[in-house]
Amino acid sequence: MTLRWWRLAARNLLRHRRRTFLTGSIVVVGYVAATMTAGFVAQTFGGLKDITIRGQGGHLRVVSAEAVGKTDEEAAGLLLDDAEELTRSVATSPDVRQAMPRLSFFGLVAHGDRSVGYMGTGTVPALEKSATLAAEAVAEGTFLSDPEADEVMLGGGLARSLGVTVGGLVTVMTTTPDGGLNAVDAEVVAVLRWPIKELDDRVLFLPYAPAARLLKAEGKATSIAVTLKEGTDLERAAGALRARLHRTGTPAAVKTWIESAPFYVAVKRLYAAIFLFTGLVLATVVVLAAANTMTMSVFERTREIGTLLAIGMERGQVRRLFLAEGLLMGLAGSVAGAVASLLIRAAVNAARIELPPPPGATSGGALHVELIPLAFGVGFVLMTVTLLVASWWPARRAARLDPVEALSHV
Amino acid sequence: MTAPLLSATALTRTYAVGEERVVGVRDAALSLERGELAVLAGPSGSGKTTLLNLLGLLDRPDSGRLELLGEDVSTLDDRGRARLRREKLGFVFQSHQLVPVLSAEENVALALWIRGLPEAECRVRARAALAAVGLAGMEGRRPDAMSGGQRQRVAVARAIVGEPALVLADEPTASLDSETAARLLDLFDALHAEKGIAFLFSSHDPRIVERVPRRVRLVDGRIASDERTGGGAT
């Protein structure tokens, strides 16, 4: 189609400015809803991903080969030997920013006459502080500082259950890998506010040395938590690390954070389904509104279409003219929608609207809508294609009009 | 010997009205020479517009044969008929039927746009056609800024801009006052004389019927008479 036909299509759209504006507004609303939802979902995924990775101590975990396919509780007793050397080896991989040995253990922690079950982590304080959620989660007290000290950090829910505060003494008890009972006394140096409620009621951190003493696992680790450098491809890095371990004959496996986060995968699927459903509803509304507008336009211009057919216009040309009108409305609506979306996003982010804590979480956060260029592109294509689809039937109807009947249309 | 401009043989067109079939045109036979000026006359419902639509390739007959410039058009598909309409025929309707969002010049050029001609050529020829119908200087006006007579002249310019062999005009003066109608008829005469375009009108307006040298009268869908001024009736 040449420029003159596009010009005619544009002028036809402006015949009924109010109607075109209303239909265009629906396109704009659809576009804004799609891009804003994408931005919000992306922020939610981003936050959840960050919490999940940092909650696990890093992007990758090197665990005992026997731990593959087992739960964390089942795998707690499957330890990696010579953890120090293995950590040093992993840390020299080109994609790795940091590697740290961790011990995982479970048991009871007691204060006075109260005892509560816990999920414990024995860690290297300086490394833990730089790579995981724990440092940001300190609500009272100070983060573990001495790798040798008998100090402990407790989740807020766990501390409340025990009735202990910073400075109090607790006894951490567990079963060692050989089946014996062991305990250490430790001073509470920090109470954490862990973002996930269920973990906040259970989480406990000890420095590596007392944890190893508790488990009688000096020099060993349940896992090596690996933080990758910014921008590193997860699967590629995991593959490289697996190959490295295989070459050195180390009986260990590498698990990515996604493999250890079924919750994240399930939430992502749920959001994707909600997003798809919302998109379908939006697209349906836009299709119906635009199809109604185009059908009215065809009805009102029936005699004109008859004239065009009479003077020799091909049916295909008539069809293309109406499709061009739909396409232009889609393009114009998308451009206006993109501008509106940027403005609304800026306003929403500037307003710093506090969200309530999601189910299972201990704190909410400010509503922040991310700018997702892909969503803008997809929205553009989606709205334009939607308008083309909406115009198809009216355009087909216009093209199939009988010129004699159309010319006598009143 | 050149073929006549238009030759119709035994054209019949019926319509379904409820369960009955109503005859629009029955056994119409008509031949039109190049450059001829003729009118299909008759009272309302006599079949003038139906026959004009058949001859203008806007409608298909139930039976009969139609040739345009020697080409049998009875069997042409939609595209073939559309091609002949835009290349060989021009149309003027009772109401001007202009596109309201286009200027006078663009409305005239529209008949050339659909042929795919270059924009510059379309504009030059549209301006010339508007000048030929006495509308030079009004190229930029939209239909809603023109009088009824001016709009009908734009419609005539659109009909002739493609240099058709035949212009079919259905009741072209029906919506015009006497003075405007007279000027429009003068214009048809002038275009016929200057450009040699054949015109076939459908009208019961005596101002047209009396001025046109050939009058084909229809009664109840049949051609009742075919008279030529200065010649015998057929």
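Which way does H10(A) pass H12(A), in a left-handed or a right-handed crossing? Hold that thought for a moment.

Quick housekeeping. This is a predicted model, where local features need pLDDT of at least 70, side-chain atom pairs count only at pLDDT 80 or more, and totals for chains, interfaces and linings use all residues. Residues are numbered from 1 along each chain as its sequence is written, with chains lettered from A and ligands numbered from 1 in the order they are written.

Okay, chain A. It splits into domain 1 (3-52 + 264-407) and domain 2 (59-256), with bounds from an automatic or database domain assignment. Their C-alpha centres sit 50 Å apart.

Now the helices, meaning DSSP runs of H or I with at least four residues, numbered from the N terminus. H10 (residues 262-300) and H12 (residues 315-351) of chain A pack at about 140 degrees, axes 11 Å apart. Axes here are lines fitted to C-alpha atoms over the stretch in contact, and angles run from 0 to 180 degrees between N-to-C directions. And the crossing is right-handed, that is, the near helix is turned clockwise from the far one by less than a right angle.

Who touches whom? On H10(A) we have A:Ala290, A:Met294 and A:Val298, meeting A:Phe322, A:Gly326 and A:Met329 on H12(A). Contact means C-beta atoms, placed from the backbone, within 7 Å.

Last bit, the two chains. Chain B puts 19 residues into the contact and chain A puts in 18. On the chain B side, H2 (78-88) and H3 (104-113) each supply at least two residues, and H2(B) gives the most, with 6.

Key. Two residues are in contact if their C-beta atoms, placed from the backbone, lie within 7 Å.
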